[in-house]
Structures are given as C-alpha cells and as structure tokens.
Amino acid sequence: MVDAAETGQQKFAILQAVNRIWAVAAIRGQARQLAHLHDQLTEKFQPGDGIIYLGDMIGFGTEICATIDELLRFRRAVMAQPPLRFPSDVVFLRGRQEEMWRKLLQLQFAPNPADVVTWMEDRGIASTLEAYGGSLKELHAITRDGPVAIARWTQSIKDAIAAQPGHNTFYNAIWRAAYSDDGTLLFVNSGLNPDRPVTAQNDSFWWDAAGFNRLQDRYGSFDRIIRGSDPEAGGWQETPLKLSIDGGAGHGGDLHAICLTTAGETVHIITA
C-alpha cells in the first residue's frame with residue numbers, strides 16, 4: 001500500500017490507466033453496510049477498474065475497527081486480481097472524521113485542548129475514540145492535566161491502533177483528494193474552495209462544503225467533481241459539473257457507490 005505520509009509534497013492520489021472508477025460515499029463506521037456493498041461490487045468489478053473511498057470511513061458507527069478490516073480485506077481482493085495493479089487502484093481519501101482523528105492524536109500540541117475536544121465531540125469523534133479503548137469522559141479529564149499527561153494518553157491510543165493488524169498502515173495511506181490521470185475527474189471528501197487551485201485547498205476538502213455548493217463553472221481542468229460526504233445531508237445530487245453521492249450512511253441512511261467512465265459518464269450505481 002502506498003504510504004501517503006512518506007511521499008513528501010505529494011498529497012493527491014492519481015488513478016493511472018484505469019478503465020472505470022468506482023467511488024464509494026461516506027461509510028461512517030457501518031461495516032455491515034460496507035460488506036453488503038462490497039458483495040454487490042464484486043459482481044460488477046472488472047479488470048482495469050479502480051476504486052476510491054471518499055472519506056468519512058470512520059465515525060458515528062459502532063463498527064469502526066470492523067469497517068477498516070473490511071476495507072483492507074476488499075483492497076487485498078482487488079489487488080490480487082489481474083492485470084498487474086498500481087497501488088493507486090484502491091484509494092482512501094481523508095474525510096472530516098479522519099482529519100479530526102489525526103488531530104486528536106496530536107492533541108498535546110493544541111493551545112486549547114479542552115475546546116478542541118468539545119468541538120470534536122459535537123462532530124462525532126466519540127465512536128472512533130471508543131473503538132480504540134478511549135472515552136470522552138476520560139479525555140475531558142486529561143485535558144486539564146497538561147501536555148505531558150495528554151501525550152501519554154495519545155500514545156496509549158496509538159498503541160491500541162497498532163494492536164489492530166493493518167490499521168496503522170491504513171491511516172498512513174490516506175490522501176487529501178484524488179484525480180484521474182488525464183485530469184478530467186476530481187474526487188473530494190466534502191468541500192472545495194472554487195477560488196483556490198486544487199494544490200492550495202488546505203483544509204477546504206473537509207470543511208468548505210459551502211464552497212462545493214456554490215461551484216457553478218468548470219474548475220481548472222476538471223470536467224466533473226465527485227464528493228462523498230455532505231454535512232447538510234442533502235442526499236444524492238447530480239449535475240453535469242458536480243456529483244454528491246452521500247446517502248446518509250451512519251445516520252440511518254444508505255451507502256452508495258457509483259461507477260464512472262474516465263469521461264465522467266455513469267455506468268453503475270449500487271446501494272446498501
């Protein structure tokens with residue numbers, strides 16, 4: 001698996017020489033829905049297909065570790081198929097939940113850790129925390145004990161992640177965004193600032209959903225932009241320029257996946 005943390009300035013996955021691209025919407029810790037989706041996808045997946053998971057894979061659900069295990073299992077199955085595969089044939093994007101989790105594991109460096117934890121609590125961090133043996137009650141108490149105590153706590157969570165086979169590798173192999181190698185399709189988690197080039201988005205991919213919504217004209221070289229998570233729960237939205245496929249998984253809704261040609265045309269839609 002490509003390690004996104006070891007690629008220097010490279011922050012974007014590029015799907016190379018794929019015939020079709022499958023995009024999977026926000027999963028939010030719904031392992032059983034994901035397994036059902038994968039069962040359907042297996043029947044339609046063809047040699048030369050690639051797949052992108054559009055972030056928010058964790059969070060909210062009670063099956064966080066099982067979700068990651070299922071993602072890794074399906075990736076192994078895809079990579080074992082002929083023809084020879086590129087590592088970028090299976091891409092995991094960082095979503096809001098993964099970005100919060102990354103920041104939580106650096107909490108000792110925050111100038112106001114108590115406020116950070118409260119902010120994250122309101123946005124669904126509790127489920128992922130509990131999956132690795134933590135609790136919000138414990139964490140709120142530790143934020144009052146200073147950076148050394150917080151650093152010990154974050155290390156204990158990192159140790160718990162390391163104890164789950166493959167989970168460290170998974171978290172280190174998450175990309176900011178992805179695009180097709182011909183530069184026509186852009187895949188993002190939730191947001192986009194249309195006033196900035198793709199290389200200068202910073203945290204807009206996770207927190208600027210309003211920017212994605214106001215995008216009306218072609219953005220750079222991209223003919224179509226696909227996102228997997230909608231914080232406003234607007235459901236499936238499709239225009240010639242934009243495609244938002246969040247079905248509300250993790251909030252009682254559906255989990256969607258769409259198969260696109262490299263020209264952005266829809267081939268299949270599956271739902272779990």
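# Close-up views of the model

**View A. Helix H2 and its buried residues.** The 16 residues of H2 should span 22 Å at 1.5 Å a residue, and this agrees with the 23 Å between its end C-alpha atoms. The expected span is 1.5 Å times one less than the number of residues. Helices (H or I, at least four residues) and strands (E, at least two) are DSSP runs, numbered from the N terminus. This is a predicted model, in which local features need pLDDT of at least 70 and side-chain atom pairs count only at pLDDT 80 or more, while totals for chains, interfaces and linings use all residues. Residues are numbered from 1 along each chain as its sequence is written, and side-chain values use heavy atoms, with hydrogens and water left out. The buried residues of H2 include Ile64, Ile68, Leu71, Leu72, Phe74 and Val78, and also Glu70 and Arg75. Buried means under 20% relative accessible area, exposed over 50%, and partly exposed in between (1.4 Å probe, protein chains only). These buried residues of H2 pack against H1, S3, S4, helix H5 (126-131) and helix H8 (167-172). Here a contact means heavy atoms within 4.5 Å.

**View B. The open sheet that holds S3 and S4.** Six strands lie in the order S5-S4-S3-S2-S11-S12, with mixed pairing. Strand S5 (174-175) and strand S12 (266-271) are at the edges with a single partner strand each, so one side of each has no neighbour in the sheet. Two strands pair if DSSP finds at least two bridges between them. Strand S3 (residues 49-53) pairs with strand S4 (residues 90-93) in the parallel sense, over 3 bridges. Tyr53 has Phe92 in S4 as its bridge partner. Helix H2 (residues 64-79) packs on this sheet and touches S3 and S4, with its direction at about 155 degrees to that of S4. Such angles run from 0 to 180 degrees between N-to-C directions, and the axes are lines fitted to C-alpha atoms, for helices over the stretch in contact.

View C. Strand S6 (residues 177-180) and S7 pair in the antiparallel sense over 2 bridges. Opposite Tyr179 stands Leu186 in S7.

**View D. Helix H1 and its two faces.** Helix H1 (residues 31-44) has 14 residues, and its first and last C-alpha atoms are 20 Å apart, close to the 20 Å expected at 1.5 Å a residue. Its buried residues are Ala31, Gln33, Leu34, Leu37, His38 and Leu41. They are on the same side of H1 because they cover an arc of only 145 degrees around the axis. The arc is that of the directions from the helix axis to the C-beta atoms. Exposed Arg32 and Glu43 are on the face turned away from the buried side of H1. The buried residues of H1 pack against strand S2 (20-24), S3, H2, strand S11 (256-261) and S12.

**View E. The largest nonpolar core.** A nonpolar core is a set of buried Ala, Val, Leu, Ile, Met, Phe, Trp, Tyr and Cys residues joined through side-chain atoms within 4.5 Å. Among the 47 residues of the largest one, those that touch the most other members are Ile51, Tyr53, Trp101, Leu104, Phe170 and Tyr171. H2 gives the largest share of this core, 7 residues. Beyond its neighbours within four places in sequence, Leu104 is in contact with Met120, Ile125, Leu129, Leu139, Trp153 and Thr154. Another core, of 19 residues, lies apart from this one and includes Ala13, Leu15, Leu185 and Leu260.

View F. Leaving aside neighbours within four places in sequence, the contacts of Met57 include Arg28, Leu71, Phe92 and Phe170. Met57 and Leu71 are 14 residues apart along the chain, with 9.0 Å between their C-alpha atoms. Arg28 is not a glycine, yet has a positive phi of about 55 degrees.

**View G. Ala17 in its loop.** Ala17 is found between S1 and S2 and is exposed, with a relative accessible area of 58%. Although not a glycine, Ala17 has a positive phi of about 55 degrees.
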